[in-house]
Amino acid sequence: MLNGRRLEDLAGHLSFEAAIDHLWSGTVSAGSSQLNDLVRLLGRARQEAFATVPVMLAETGSLSIVERLQVGLSALPISEDLPEAVAITGAFPVLVAAAARDSGGLLPIAPEPALPAAEDFLRLLSGETPEPWTVDALERYLVTVLDHGLNASTFTARVIASTQANMKDATLGAVGALKGPLHGGAPGPVLDMLDAIEIPDNAAEWIASALAKGDRLMGFGHRIYRTRDPRADALKAGLAHVPETDRLALAEAVEQAALTALSKAKPDRVLETNVEFYTAVLLDSIGLDRSLFTPVFAIGRAAGWCAHVVEQQTTGKLIRPASVYVGPLPV
Ligand code: ACO
C-alpha cells in the first residue's frame, strides 16, 4: 500500500512520476498541473545532475556502479532553485546510467528533460529510444519499489536524518545499506541461481543441495511478511507483457521447488517468495545487466527515502536505540 492506495491499483497503472507525486503529496491526479510541474522539475534535476557526471567518473573506474553512484551523489550540488528531494530523486537515473556506460567503456549521454524518467533512463543507458514495453515494465518496477515501510535502507536514511544531517547524506547512507544481499542485493544472486539451475527439471535437486549446504535461497523470506510478498505478484504480472521470456517458465518451476523445499526444511517458519525474485526476472527481461539491479532499485527507492527524511526532519528527534550491555562488569 502507498499512501492509502493498493499496490495493484498503482503498479502498471501509474507512471513513476505520478506515483512519486502520490507518495509526496497524497493525491493521484493524472494530467494535473501539479504532476506536470513534477515531471518538469524532475527533468530539470536530471539535466542539472549531468554536470556532476565528469566529477563522478574521474578516477573511479575501478569502483562498482553503486559505489560510483555514491561518489556522484556526494558531489551533487543542491541548488536553491530545486526542492532537495527533486534534485536527489532526479539525479539517480543520470548518475547510474553514466556510471554503467563508463564501466562498459562508453561515453555518458545527456538527459532529455522532457521525457519521463524511466524512458530517459533506458535511453541514457543504451543511447537508443527504448521500446514502449520495456519502459512500461521499468515503470511498473519503479512504482512497485518506491517505498516500503521501515526497511533497512529507509531506516538507515531515517537514522542519519535524525542527526540533522542533510537529505543527501541520508540517501547516501541508504544506498550503502542496499549493497548486501539480504536487502536489495538479492536479484543478481537470484539470476545466478536460475542460470545455475538451467532447466526446470534440475530445480528440486539444485535447491535441495543448496539448503543441505546451509545456503539461503535468494528471493525468499522476509523480515515482516509471513505470507507471499504482494510485490512479487505485481512484478510477475508485468511479465505477461514481455514479448518472450523463457526465464519465466524456469523461474516458476524454481519458485515452486523452492517453496516446497523451504516448507519442509523450515516447517516452523513461513518462507515465501519476496519482491527480489521476480525483480530479477523482470529487469533481466528488459535487458538490464545484473550489475544494474541494485542501482535500479536505488532509482526507484530514492523518492521513498526522501519522503521518510522529510517526515523524520519534522519530528526533530534523534533516533538512538538503547543497547543491552552483556560484557564483563568492573570489579
Ligand atoms: N533460504 C533459506 N533459509 C532461510 C531463508 C532463505 N531465503 N530466509 C530465512 N531462512 C531461515 C534462516 O536460515 C533461519 O533458519 P534457522 O532458524 O534454522 O537459523 C530462519 O529462516 C530465520 O532466518 P532469519 O535470518 O532470522 O530471518 P529474517 O526475518 O531475519 O530474514 C531475510 C529475512 C534476511 C530477508 C531472509 O529471509 C533472507 O536472507 N532471504 C534471502 C535474501 C533475500 O531474498 N533478500 C531480499 C529481501 S526483500 C528486500 O530486502 C527488498
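Is Ala249 buried, partly exposed or exposed? Ala249 is partly exposed, its relative accessible area being 46%. The model discussed here is a predicted one. A search of the whole structure returns 16 salt bridges.

**Position of Ala249**

- Ala249 belongs to helix 14.
- Between Ala249 and Ile299, which are 50 residues apart along the chain, the C-alpha separation is 28 Å.

**Salt bridges between distant parts of the chain**

- Arg44 and Asp81 form a salt bridge, with 3.1 Å between the closest N and O atoms. This pair connects distant parts of the chain, since Arg44 sits in helix 3 (residues 33–50) and Asp81 in the loop between helix 5 (65–75) and helix 6 (84–103), 37 residues apart.
- Asp195 is partly exposed, with a relative accessible area of 34%, whereas Arg247 counts as buried because its relative accessibility is 18%, and the cut-off for buried is under 20%.
- Asp195 and Arg247 also belong to a network of salt bridges that includes Asp192, Asp284 and Arg290.

- The side chains of Arg123 and Asp120 form a salt bridge with an N to O distance of 3.0 Å.
- Helix 7 (residues 117–126) holds both Arg123 and Asp120, which are 3 residues apart, or about one turn of the helix.
- Arg123 and Asp120 are both buried.

- Glu17 is located in helix 2 (residues 16–25).
- Although buried, Glu17 has no salt bridge; Arg46 is the nearest side chain of opposite charge, at 4.7 Å. A salt bridge requires the nitrogen and oxygen to lie within 4 Å.
- Apart from neighbours within four places in sequence, the contacts of Glu17 are Leu35, Leu38, Val39, Leu42, Pro116 and Ala117.

**A positive surface patch**

- Arg216, Arg223, Arg226, Lys266 and Arg269 make up a positive surface patch.
- One of these residues, Arg226, is placed in the loop between helix 12 (203–212) and helix 13 (230–238).
- Arg226 is partly exposed, having a relative accessible area of 36%; membership of a patch calls for over 30%.

- Most residues other than glycine have a negative phi.
- Asn3, which is not a glycine, has a positive phi near 50°. Asn3 lies in the segment before helix 1 (7–10) and is partly exposed, with a relative accessible area of 45%.
- Gln164 likewise is not a glycine and has a positive phi, of about 70°. Gln164 is in the loop between helix 9 (152–162) and helix 10 (167–177), and Gln164 is exposed, with a relative accessible area of 68%.

Conventions: Residues numbered from 1 in each chain as written. Predicted model: local features only at pLDDT ≥ 70, side-chain atom pairs only at ≥ 80, totals over all residues. Heavy atoms only, no water. Patch = residues over 30% accessible without salt bridge, like charges linked within 9 Å, V, L, I, M, F, W, Y side chains within 5 Å. Areas by Shrake-Rupley, 256 points an atom, 1.4 Å probe, with all protein chains shown as cover. Lys, Arg positive; Asp, Glu negative; His and termini not counted. Charge placed at Lys NZ, Arg CZ, Asp CG, Glu CD. Helix = DSSP H or I, 4+ residues; strand = E, 2+ residues; numbered from the N terminus. Buried < 20%, exposed > 50% of the residue type's maximum accessible area, 1.4 Å probe, protein only. Contact = heavy atoms within 4.5 Å.
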